[in-house]
Amino acid sequence: MRHGEEERVSWDFQTEPEFEAKLAWMRQFMREEVWPLEVVVGEFQREPFIRLLGSLQAEVKRRGLWATHLPPELGGQGMGQVRLALMHEVEGSSMWGPIVFGNNAPDTGNSEVLAHFGTTAQKLRWLQPLLEGRIRSGFSMTEPENAGSDPTVLSTTARLDGDEWVINGHKWFTTNGLVADLLVVMATTDAGAEPHRRASMFLVSGDSPGVRKVRNVPVLGGEEHWGFGHAELYYDDVRLPRESILGAPGDGFRIAQARLGPGRIHHCMRWLGQSRRAFDIMCERALQREVGGEPLASRQTVQNWIADSAAEMQAARLMTLHAAWVIDTSGVEAARKEISLIKYFGARVLHDVIDRAIQVCGGLGYSSDLPLEQMYRAARGARLYDGADEVHRQTVARLVLRDYRTPEGPWPTDHVPSRREAAREKFAAYLVEATANS
Ligand SMILES: Cc1cc2nc3c(=O)[nH]c(=O)nc-3n(C[C@H](O)[C@H](O)[C@H](O)COP(=O)(O)OP(=O)(O)OC[C@H]3O[C@@H](n4cnc5c(N)ncnc54)[C@H](O)[C@@H]3O)c2cc1C
């Protein structure tokens, strides 16, 4: 193929009215019940806050909108990725949304891998309590000593000793690692295997002897509440029963890929929820603030920022929903390019929209009197977690180029002099006539 034309063209943009009604309820619930949490969370003790969250979560469960990320046969709601994506967009307007709706990373990804790759016993022990929101989990892959961008290289090892696995290693950025009841740990089990078969995944109880919880790494994203954060952990001779492995030895990379695909869609839609909020602030302020007797909205630069933001958010939204649709219709593997595209594109849109909103709001935008500064700090992480921008760009370019062949000869196929020669031959008879008539 010369041009990588899009083969999938039929795409239905409609969502059922019944589902639209659910989204409308979610929007109102987020605005009235969840957004207010943001501005008083620092004033709560942990227990009353957990109780308050519990009451909101109970309402979500009552509405049948809790932990909607799994198919029904695996204990979830069977929403499919497109509808899930639309829900994540609403939830993403606040950092508390995914927690209130039982859809927060890394619990969602961990419950997905448990559902897809766990044994019955593993599901009973970990999946059910995760889905019910009774326990927390972490995903422990990235290591300080190795490039997280190349997860085929992991110093953490797991070796069999009789009937037990023994894990040794050092991890960081294990989100919620300090408070996790379950740690899903990637470790090298066969250093001599081909790169993508070297690692395996293990289910480690957070209170296992040998799990040393060092600290939450202080990050740009900011506030840390009651131990939630990005943890640095050591695994010192952590001994696990043989059946604590997820899938087969060597399956770690494959499982990680299955875990991260839909998770990236959810991230992108949550970012759109955030972008939308920043956009709304920008538009309000543009209308409200006067400079030289005119509202900021009358300045072309500000109009450009509003127009560009609207266009970019629309593009990111359609790209993300399209990626979700490809997953729903053709599976995660078929959507690799679409997922990588939206991961880095969505992260940039998120950043740029918040950045423009801050600029329009001036000093107010830079201050904590608006949520923009916190959103901006959190948004920076989006270009790193679940794969740095550059890694996803590389994936996209590789997959795009796979559809092309090196043209024969020294020129691209569209080389005008070569085509002119061929066209002269093709139309020779007419050209003779044209020359004769002239
Ligand atoms: C907020 C946050 C939450 C996270 N949560 C988790 C978690 O729960 N569990 C977990 O295991 N990890 C988590 N991470 C870690 C995250 O997955 C890694 O930071 C990420 O994969 C990058 O790895 P690294 O930090 O080691 O950077 P490196 O791999 O050292 O890369 C550094 C930089 O090198 C460049 N680079 C890398 N590869 C290429 C390439 N192929 N081409 C060009 N340039 C390249 C990129 O600019 C990249 O930013 C989290 C990170 C953040 C910021």
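A nonpolar core is a set of buried Ala, Val, Leu, Ile, Met, Phe, Trp, Tyr and Cys residues joined through C-beta atoms within 7 Å. Buried here means that 20 or more other C-beta atoms lie within 10 Å of a residue's own, with exposed set at 12 or fewer, partly exposed in between, and C-beta atoms placed from the backbone. What you are looking at is a predicted model, in which local features need pLDDT of at least 70, side-chain atom pairs count only at pLDDT 80 or more, and totals for chains, interfaces and linings use all residues. Residues are numbered from 1 along each chain as its sequence is written.

Let's begin with the whole chain. Its C-alpha trace spans about 95 × 70 × 45 Å along the principal axes, and 40% of its 438 residues count as buried. The secondary structure comes to 13 helices and 10 strands, taken as DSSP runs numbered from the N terminus (helices are H or I, at least four residues; strands are E, at least two). The domain assignment gives domain 1 (17-131), domain 2 (137-246) and domain 3 (254-401); such bounds come from an automatic or database assignment.

The largest nonpolar core has 101 residues, and Ile167, Val185, Phe202, Ile354 and Ala357 have the most contacts inside it. Two residues are in contact if their C-beta atoms, placed from the backbone, lie within 7 Å. Leaving aside residues up to four places away in sequence, Ile354 touches Ala278, Leu372, Met375, Tyr376 and Ala379.

Finally, find the ligand. It is surrounded by 21 residues, the closest being Met141, Ala147, Gly148, Ser149 and Glu390; a residue is near when its C-beta atom, placed from the backbone, lies within 6 Å. Elements giving two or more residues to this shell are β1 (137-140), β3 (164-175) and α11 (389-401). Because domain 2 and domain 3 both give residues to the shell, the ligand lies between them.
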